[in-house]
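Look at the structure below before reading on.

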Amino acid sequence: MSEPKDVTGTTRLAAAVRDMWGELSASERVVAQYLAGAPPENLLFASAQELGAASGTSNATVVRALQRLGYSGLPALKRELAAGFTSATAPEERLKQRIARVGHDLDEIKDRVFDEATERLDQCRRLLETDVLKQAVQTLADAREVVAYGVGASELAARHLVLKLRRAGRRARFVGATGFTMADELLGLGRGDAVVILHPGRRLREFTVLTDRARAVGAGVVLVTDVPTGPLATHADVVISAPHTPTGITAESLAGIVVVDTLVLALASLDESRAVEASHQLTVLRGQLLDRAEPRPRKN
């Protein structure tokens with residue numbers, strides 16, 4: 001029997017614990033039982049270390065238990081739990097709850113932000129397989145021009161990609177238009193180009209139009225997304241998972257930017273002379289743009 005379409009993160013977790021109970025070790029059962037019984041908002045703002053302490057186990061056991069239950073990591077569980085929380089709670093109320101959970105202690109605030117960032121990047125690292133990375137880098141290396149598309153919070157990562165590609169000696173341009181104005185941007189897309197879509201997980205028609213256009217003209221598509229198994233992934237040549245923030249505590253584009261840095265460094269390693277020459281030319285141009293201070297008169 002298939003799962004109902006309205007299944008929530010909480011019911012999905014409970015079902016996973018029930019179905020996998022016989023496959024869990026004793027310590028993993030302790031974690032699973034704690035997770036299934038804890039209020040979702042408590043899990044949403046907790047780190048793996050805190051969950052390990054609360055369940056009397058360890059952060060490593062928490063991660064193993066989650067993977068046994070079918071999650072790629074704690075951020076994946078949080079993302080499912082956050083879906084219902086986000087849709088049912090107004091943004092200002094979510095902000096109040098974040099502040100209430102974190103409190104006003106500066107060390108606590110620092111730990112919350114760095115813990116979530118670490119969890120997201122660790123999961124992103126685990127999910128990025130070498131073969132996938134190699135295929136994505138080769139797609140960019142073969143491209144006549146790279147078009148990076150990002151809207152909203154994803155715009156930052158898309159612009160970052162274009163900046164770093166140009167500094168590595170590659171042709172690249174940013175596209176962030178929506179609606180009718182996007183049509184003009186798509187006219188220049190052609191065979192041999194590559195499109196990198198920084199996808200925030202929201203279903204916008206622009207993403208479908210962009211991938212369809214890329215297919216029509218013979219351009220490659222690299223999708224960097226929070227939903228690697230979503231409908232858009234079926235239209236991409238390469239799909240890279242970049243977990244987004246489940247709580248809003250860290251920047252949505254954090255994982256995407258780290259993925260971009262990985263792609264560009266790997267790309268530069270394929271053609272070191274091009275990257276070095278571009279860096280040299282950049283330095284020369286910067287030097288020409290610096291203000292030349294007037295020589296100070298000597299004192300008698």
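A pocket is an open set of grid points with protein on both sides within 12 Å along at least five of seven lines, whereas a cavity is a set of points where a 1.4 Å probe fits but cannot get out. The model described here is predicted.

**Second largest pocket**
- The second largest pocket holds about 270 Å³ of space.
- It is lined by 14 residues, and Ala48, Asn59, Val63, Glu119 and Asp122 are the closest to its centre.
- Helices H4, H5, H6 and H8 each give at least two residues to this lining, and H8 supplies the largest share, five residues.
- The lining of this pocket has five nonpolar, five polar and four charged residues.

**Cavities**
- Three cavities of 30 Å³ or more are present in the structure.
- The largest cavity contains about 70 Å³ of space, and its lining includes Ser154, His199, His244 and Glu252.
- Four nonpolar, five polar and one charged residues make up the lining of the largest cavity.
- The second largest cavity contains about 60 Å³ of space, and among the residues lining it are Lys78, Arg112, Asp115 and Glu119.
- H8 provides the largest share of the lining of the second largest cavity, four residues.
- By class, that lining has four nonpolar, two polar and six charged residues.

**Helices H2 and H4**
- The axes of H2 (residues 26–37) and H4 (residues 48–55) come within 10 Å and cross at roughly 100°, so H2 is roughly perpendicular to H4.
- Val30, Val31, Tyr34 and Leu35 of H2 make the contact with Leu51, Ala54 and Ser55 of H4.
- The residues of this contact are six nonpolar, one polar and no charged.

Conventions:
Residues are numbered from 1 along each chain as its sequence is written. This is a predicted model: local features need pLDDT of at least 70, side-chain atom pairs count only at pLDDT 80 or more; totals for chains, interfaces and linings use all residues. Side-chain values use heavy atoms; hydrogens and water are left out. Axes are lines fitted to C-alpha atoms, for helices over the stretch in contact, and angles run from 0 to 180 degrees between N-to-C directions. Angles under 35 degrees count as roughly parallel, over 145 as roughly antiparallel, 65 to 115 as roughly perpendicular and the rest as oblique. Contact means heavy atoms within 4.5 Å. Ala, Val, Leu, Ile, Met, Phe, Trp, Tyr, Cys and Pro count as nonpolar, Asp, Glu, Lys and Arg as charged, and the others, Gly among them, as polar. On a 1 Å grid over the protein atoms alone, a cavity is a set of points where a 1.4 Å probe fits but cannot get out, and a pocket is an open set with protein on both sides within 12 Å along at least five of seven lines; lining residues have an atom within 4 Å of a point. Grid points are joined across faces, edges and corners, and a volume is the space filled by probe spheres set on the points.
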